Amino acid sequence: MNLPKGPESLCFDKDVFMKDDFDVDQFVSECRKQVQMEEMREDLELYYKLLKTAMVELINKDYADFVNLSTNLVGMDKALNQLSVPLGQLREEVMSLRSCVSEVIQAIDNQLAKQEDLQKKKVCVLRLIQVVRSVEKIEKILHSQSSKESSSLETSSPLLAGHILERIATEFNQLQFHAVQSKGMPLLDKVRPRIAGITSMLQQSLEGVLIEGLQTSNVTMVRHCLRTYATIDKTRDVEALVGQVLVKPYMDQVITEEVVKSSPNGLQLMYSRLLEFVPHHCRLLREVTGGAISSDKADTVPGYDFLVNSVWPEMIKGIEERLAYLFNPGNPDIFYDRYSESMEFVRRFERQCSSQASVKRLRVHPSYTSFHNKWNLPVYFQLRYKEIAGSLENAISDGLEAAPAGSVYHLQVSEVLWSCLMRCWSDKTYLSPLAHRFWKLTLQLYSRYAKFLDEVLTKTPSPDATKEPARPLPSSASSTSSRTSMDDGGSESGSPASLSTKRLVYIAADIQKLQEQITEVTEMVRQRLEAIGFNNIAIVEDALMDSKNCLSSSVPTLNTRMTQHLTERCCRFLKSASEVPRLYRRTNKDPPVRASAYMDNALRPLHQLLMDSTGLVTPSTAQEWLRVALTDYTQRYYETISEVLSSVRKMEESLKRLKQARKGASTTTAAGANGGPTDDSKIRLQLALDVEYLGEQIQKMGLQPRDIPMFSTLMDLVKEARELAEQGQ
């Protein structure tokens, strides 16, 4: 239905009213986006008037038809009644005809069913006739051949000629086909004994021809025989026959315990003799079946695989039955040698197969799977795991023992860890089917070593815990001989379980060495995994990088322990700085000209660290240890010097007050009685010399005084004390 066309100025399209999904609200909303409500109302009223006008015009146009509608229907019911009678008669005739046709169709169907049944019976009869004819024909050929050889079928089983066997096999194949199709027929049951006799006769003849052909190396005879077997679909039978007649006797001679134990490499010799069987005894069969390189493809007999179905099963059966002790994993070293030699034997046997398809058939053969499953690889790995992990645990239980001479490591546990890592992937331990297990063990070894370091660095006591406090300076502390002597408290002899500076240096050096050799482990693992077809080496590198980071996680704790250890050993001599006033107070000693002996003793651990770390850790690492230790030592030394100078100042002020109180007395203090420096000046001068000596030693250690934050403050403190000492002179 077409609506009348409105003016182009309308704010809406007239066709929108004819849509099935017309919605008033949506229509109003769309129009309001274009015009105001008043204008939209005017457009709707205008179009409404157009619709009314169009409707009136339509009614006026067809008015006559509307008026005459009832007039045109007069007499229509009578006409319809007149048509009902002939239509009923026609219906009865059609139904009668339909019934007749159905009866004819049913009769035809019955005849067709009988004919089909007869056809089936005819086919069965023809098959039975063919069965009888085939039996008679085969028997005729057999009797004819027997009469030529002047022997009967009942008394002997002659070896029939190759072409005769092929004729019999072709006929026998048809006989088998028709016999299967005629299964269940009574006549077939009567003929079955004759078929069994033919089958037995044919089987014996074929076996005899095959054996004779193999013994005489008659290629033509063997080819005819194998083709006959293929014709009657008995390829598996002939492969089993070859296994029993040709393969088994040889295996019984070669696969014996005496051969294996006759020499250290007896197993390898036995495998070599087994592999010699194929080129020496299966050459004819491989040439006929196309398994040899020189065989003519036109004359080959397809469908046979004697290596997979005849030779291999007999080999594995002999090994599993007579040499079952080979699979015992009790001694992992012997097990490894036996397994490696056996897998090499399997690989060499696979190379003797004629094609890739033959290799695939070999790998899915039940005896192939059985042979591989006999090797108890999980038990072998458990024994190796116990050896490798046990050696590392024993080294861990020994603690931080020194490594043997000539080792690239300095701790025994680090040397054992590296040897364990190498052993996991060595030729005498690693087996490719266990690659995932040895890879896991590698990561576990790194993790166990890192955990051991954490335990050592966090739980092992330092040697200072068992030391006696440092003795005070002797009266001759300023002498050269006393400065060069080492106080008993400065040694690092301690219990074996304690951590010394040298042991901490060894730990840092071994961690650095192990991290450097991560790349060597990565390359070794990569070669092993690529050999088994695993090429996602990025995952391996990421995992080893995590192990490297795990080792690095011990470095901050090691650094903290090292600096704390050094600080504690150095600061034990700070008490001697507090004894400096006692050495000069009322002793009338000469003014000091060199640093006190306790400074050498206090700085000796730092010099010893430089000596111990040379060539073991990077210079930057050793310098950082010294910087942190000297920073802590300088802080505490500053506090000690401040206390001493404060005490000296208080004592000096007290003496001045006492002197003023005794003014006029005939005696004065011993110091200054002859106009020389006072005792307090000597003390200040000695402390200044000690701090200056500290600055010199810092420079000798490769550092600068400015690298030590508190050293400048300490120098300012003693500089002021030196100025006071010079004023007191």
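**Entry 1: Thr621.** I started with Thr621, which lies in helix H27, residues 619–661. The model is a predicted one. Buried would need a value under 20%, and exposed a value over 50%. I then looked up the distance from Thr621 to Asn559: the C-alpha atoms are 8.9 Å apart, while 62 residues separate the two in sequence.

**Entry 2: the whole chain.** I next looked up the totals. The secondary structure comes to 29 helices and zero strands. The chain has 729 residues, and 39% of them count as buried. I also looked at contacts between residues at least 6 apart in sequence; 78% of these join residues at least 24 apart.

**Entry 3: cysteines.** How many disulfides are there? The count comes to zero. A pair of cysteine sulfur atoms would have to lie within 2.5 Å to be counted. I looked up two cysteines by name. Cys100 is partly exposed because its relative accessibility is 42%. Cys353, at 10%, counts as buried.

**Entry 4: Val35.** I found Val35 in the loop between helix H1 (24–32) and helix H2 (37–61). Its relative accessibility is 15%, so Val35 counts as buried. What does Val35 touch, leaving out residues up to four places away in sequence? I noted Cys11 and Met40. I also noted Leu10, which is 25 residues from Val35 along the chain, with 10.0 Å between their C-alpha atoms.

**Entry 5: Ser217.** Ser217 is in another loop, the one between helix H6 (186–216) and helix H7 (219–231). I looked up its phi and found a value near 55°, which is positive in a residue other than glycine. The relative accessible area of Ser217 is 42%, so I recorded this residue as partly exposed.

**Entry 6: helix H10.** This helix covers residues 266–281, which makes 16 residues. From first C-alpha to last, H10 reaches 22 Å, close to the 22 Å expected at 1.5 Å a residue. Which residues of H10 are buried? I listed Gly266, Leu267, Met270, Tyr271, Leu274, Leu275, Phe277 and Val278. Then I looked up what covers the buried residues of H10. The cover includes helices H8 (235–254), H9 (257–261), H11 (283–289), H12 (306–322), H13 (332–351) and H15 (366–374).

**Entry 7: H13 and H15.** I looked at how these two helices pass each other. Their axes come within 11 Å and cross at roughly 160°. Angles over 145 degrees count as roughly antiparallel, and H13 and H15 are therefore roughly antiparallel to each other. The crossing is left-handed. On the H13 side, Ser342, Met343, Val346 and Glu350 make the contact; on the H15 side, Tyr368, Phe371 and His372 do.

**Entry 8: H20 and H26.** My last pair was helix H20 (residues 501–516) and helix H26 (residues 597–613), whose axes are 10 Å apart at an angle of about 35°. The crossing of H20 and H26 is right-handed. H20 supplies Thr501, Lys502 and Val505 to the contact, and H26 supplies Leu609, Asp612 and Ser613.

Key: Residues are numbered from 1 along each chain as its sequence is written. This is a predicted model: local features need pLDDT of at least 70, side-chain atom pairs count only at pLDDT 80 or more; totals for chains, interfaces and linings use all residues. Side-chain values use heavy atoms; hydrogens and water are left out. Buried means under 20% relative accessible area, exposed over 50%, partly exposed in between (1.4 Å probe, protein chains only). Helices (H or I, at least four residues) and strands (E, at least two) are DSSP runs, numbered from the N terminus. The expected span of a helix is 1.5 Å times one less than its number of residues. Contact means heavy atoms within 4.5 Å. Axes are lines fitted to C-alpha atoms, for helices over the stretch in contact, and angles run from 0 to 180 degrees between N-to-C directions. Angles under 35 degrees count as roughly parallel, over 145 as roughly antiparallel, 65 to 115 as roughly perpendicular and the rest as oblique. A crossing is left-handed if the near helix is turned anticlockwise from the far one by less than a right angle, and right-handed if clockwise.
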